[in-house]
Amino acid sequence: MEVLGVAVVTKNVEVAGRRLSLETGRVAEQANGAVIIRQGDTVVLSTAVMSKEPREGIDFFPLTCDYEEKLYAAGKIPGAFMRREGRPSETAILASRLTDRPLRPLFPDGFRLDVQVISTVLSVDQENDPTILSINGASTALVISDIPFQGPVGSVRMGYIDGQVVVNPPMSQMPDSDLDLVVAGTADAILMVEAGAKGVSEQVVVDALAAAHEQIKRICAAQLELRDQVGLEKREWVPPTYPEQMLEIVGEYLALRLDPVLYNADKAQRESAMDDLRTRTINELGERFPEYSDIIGKLFDKAVKDRVRERVVEEGVRVDGRGLKDVRPITVEVGVLPRTHGSGLFTRGQTQALTIATLGSMSDKQKLDGLTTEEFKRYMHHYNFPPYSVGESRPLRGPGRRDIGHGALAERALLSVIPPVEEWPYTIRVVSEILSSNGSTSMASVCGSTLALMDAGVPLKSPVAGIAMGLITREGKFAVLTDIQGVEDALGDMDFKVAGTRDGITALQMDIKIKGLTHEIMAQALEQAREARLFVLDKMLAVLPGPPTEMSHYAPRITTILINPDKIRDSIGPGGKMIRKITEETGAQIDVEDDGRVFIAAVDQEGGQKAIDWIKGLTDEVEVGKIYQGKVVRIMPFGAFVEVMPGQDGLVHISKLTDHRVERVEEVCNIGDEIVVKAVEIDSQGRLNLSRQAAIEELTAKGEPIQESINPEVMAAALASPAPERVGGGFGGRDRGGRNGGGRDRRPRRD
């Protein structure tokens with residue numbers, strides 16, 4: 001097939017029994033590489049573009065990956081005021097990060113040209129995940145382009161359903177899966193892992209990774225076949241090299257100077273001393289070798305990295321003197337803030353997270369505007385990383401991609417242990433403020449969040465802790481590090497975060513800088529992480545074994561009641577008038593669901609109970625055989641109409657007012673009096689029959705007090721008089737006027 005003289009080439013591959021289609025040549029011809037990737041009715045356009053010249057003065061690889069959610073893809077119109085897509089959603093930002101992380105390690109060392117990858121979701125069928133297509137499409141666009149990308153990369157999503165590992169399960173089945181694992185890698189090794197889980201074992205994760213890699217190999221092979229047909233010749237890139245002579249000179253200069261400065265457990269002292277040593281090295285060697293003065297700083301950094309890696313792999317010595325499996329000292333505090341609903345301060349070494357939990361009503365849940373079918377979220381975790389946490393001064397801005405990613409990881413770690421709304425009808429917001437950072441702040445926020453939630457009284461299914469693992473590889477050897485700090489993250493090959501309970505894993509995230517990770521390393525890292533996680537949990541539970549019996553005085557108490565859905569209109573009132581009135585007079589917040597569940601939230605218990613009684617009064621059905629205290633609202637010659645619930649009244653026939661004959665209803669009660677009545681019948685026309693006589697007899701037999709607000713003499717006489725022969729036929733019999741007893745107001749007389 002050709003479009004405007006350009007050949008359109010398509011490559012198909014079967015993944016988990018479904019066709020994955022890779023097409024190029026149809027659209028976006030001016031990009032360096034462009035691919036339309038499709039599975040089912042989910043379609044994503046992935047493009048890759050590279051700048052022609054490097055930017056001046058940058059010492060990093062400027063790769064940008066963007067994931068564009070277009071709501072037309074799901075047949076939606078944006079809900080914003082402008083009715084167009086605005087800033088990326090949290091889902092889009094997380095998808096961008098998932099696309100970026102496996103691609104970045106596969107560019108040449110020292111590469112400095114700008115590369116931008118954009119994945120645009122054009123169509124989504126709610127069954128095939130566009131996030132996975134974005135990763136595969138981005139890799140394919142880079143592979144067929146002239147960009148010096150050393151891929152390809154393949155990606156799949158793994159589930160664990162009914163005890164079986166499933167590759168790319170339909171999105172509709174993911175709520176039933178105990179594992180949601182995204183894996184990306186080359187044909188040789190795994191590059192990236194991201195997961196949320198419901199306490200699965202380490203072995204399940206290892207099995208899922210192995211199954212994922214088999215499918216990744218097939219996806220990578222399809223990309224290479226497409227490249228062989230249409231791929232461009234790669235632009236030549238020569239990595240920077242350093243004179244061997246200068247490497248030796250810098251090494252000799254630092255031989256006796258580096259270790260005393262580098263090996264210091266205090267981050268601030270080490271960094272200050274290292275900055276001074278770096279400056280001295282550049283100045284002194286720069287004077288001796290002016291022709292190499294511009295590269296001495298880079299040679300210093302390389303020497304530091306090589307020394308750290310050498311000592312870890314060969315000697316098992318870390319920068320702060322710990323062993324490979326040692327966790328830094330841990331301090332745990334709870335209830336540190338007096339007016340919050342729950343708070344926890346978690347300190348591990350020089351990493352410190354203050355986490356605050358806030359409980360709200362169901363109306364506080366977050367409304368989502370995206371491509372998924374999910375509309376609301378009741379558990380939210382937000383992560384803040386202020387500049388003072390790393391001793392820096394910079395302008396405060398909104399949360400960046402890193403902040404959103406770390407918050408989402410901590411949220412996934414705890415999501416599976418949050419009680420369902422049926423058991424705990426609260427919206428929950430958790431905020432982690434990073435007060436000090438020296439490695440693995442995301443896992444510190446997981447630990448702090450567990451403490452804050454338990455301090456708030458949330459009945460977690462199990463407490464959760466997290467730990468970050470590192471990796472150093474050198475000359476075919478490797479060392480897995482437990483609880484890495486910042487310098488080990490910067491100079492190492494992996495940042496592998498694992499969170500979970502005593503029983504299993506709840507979240508995973510792996511960032512890797514080398515070109516792959518073997519199953520052997522993954523298995524060892526998972527086992528070391530399990531041991532460390534249990535150690536951290538013991539430290540946390542020694543301070544707070546579980547939620548307190550009493551919630552914070554400032555937290556709302558939420559009560560759930562169930563009403564007949566047909567009565568929802570009665571509780572809300574026209575235009576919400578009744579709900580507003582109840583809220584104003586009781587101070588309670590009320591949320592009514594379509595299925596008849598009503599959530600009443602109030603800090604003031606008295607106001608909350610008043611709101612509960614009010615709603616019950618509006619919506620409860622009268623039960624035959626139950627005794628009520630009602631109010632006389634109307635008197636007729638044949639009896640009294642008594643309101644037993646708001647808007648619900650029934651007739652007490654004159655013969656049922658007391659156990660002896662009375663000539664007039666007013667001899668017993670008047671309008672406005674409160675009397676006890678028993679519901680004796682709801683007839684075929686829905687009319688309620690009441691009996692004061694039956695209520696008094698039952699209460700007297702039980703020895704319970706009779707509380708009425710009527711003429712005391714009338715009441716005393718009614719209780720003391722012997723029961724004469726009854727006259728009249730009761731409700732439904734004719735009164736002296738020849739009329740039947742009526743039911744509710746405006747109902748026809750009984751004939």
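Between which helix and which strand does the loop that holds Pro 152 lie? The loop runs between helix H2 (130-144) and strand S9 (154-161), where helices (H or I, at least four residues) and strands (E, at least two) are DSSP runs numbered from the N terminus. A cis peptide bond joins Pro 152 to Gly 151, with omega at about 15 degrees. As background, most peptide bonds are trans, and most residues other than glycine have a negative phi.

The structure is a predicted model, in which local features need pLDDT of at least 70 and side-chain atom pairs count only at pLDDT 80 or more, while totals for chains, interfaces and linings use all residues. Residues are numbered from 1 along each chain as its sequence is written, and side-chain values use heavy atoms, with hydrogens and water left out.

Now for the whole chain. The protein chain contains 16 helices and 31 strands. Its radius of gyration is 36 Å, well over the 27 Å that the globule rule gives for 751 residues, so the chain is more spread out than a compact globule. Here the radius is taken over C-alpha atoms, and the rule is 2.2 Å times the number of residues to the power 0.38. The C-alpha trace spans about 125 × 65 × 45 Å along its principal axes.

Of the 751 residues, 51% count as buried; buried means under 20% relative accessible area, exposed means over 50%, and partly exposed lies in between (1.4 Å probe, protein chains only). The chain exposes about 34700 Å², and carbon and sulfur atoms supply 49% of that area. Such areas come from the Shrake-Rupley method with a 1.4 Å probe, and for residues only the protein chains shown count as cover. Contacts (heavy atoms within 4.5 Å) also tell a story about the chain: among those between residues at least 6 apart in sequence, 69% join residues at least 24 apart.

Charges come next. The chain carries 89 positive and 110 negative side chains, and the centres of the two sets lie 3 Å apart. Lys and Arg count as positive and Asp and Glu as negative, with His and the chain ends not counted. Each charge is placed at NZ of Lys, CZ of Arg, CG of Asp or CD of Glu.

What of the cysteines? A disulfide is a covalent bond between the sulfur atoms of two cysteines, and the cut-off used is a pair of cysteine sulfur atoms within 2.5 Å. The structure holds zero disulfides. For Cys 65, the nearest cysteine sulfur is that of Cys 220, 16 Å away. Cys 65 is buried at 1% relative accessibility, and Cys 669 is buried as well, at 0%.

Two residues with a positive phi deserve a look. Ala 16, although not a glycine, has a phi of about 55 degrees; its loop lies between strand S3 (9-15) and strand S4 (18-24). Ala 16 has a relative accessible area of 38%, so it counts as partly exposed. Asp 162 is not a glycine either, and its phi is also positive, at about 55 degrees.

Leaving out residues up to four places away in sequence, Val 166 touches Arg 157, Met 158, Gly 159 and Ile 161. In strand S7 (residues 63-69) sits Thr 64, partly exposed at 33% relative accessibility. With the residues up to four places away set aside, Thr 64 touches Val 115, Gln 116 and Val 117. The C-alpha atoms of Thr 64 and Asp 100, 36 residues apart in sequence, are 7.4 Å apart in space.

Met 362 and Phe 599 are 237 residues apart along the chain, yet their C-alpha atoms are separated by 7.3 Å. Finally, Leu 541 belongs to helix H11 (residues 519-543); apart from neighbours within four places in sequence, Leu 541 is in contact with Met 454, Pro 463 and Arg 502.
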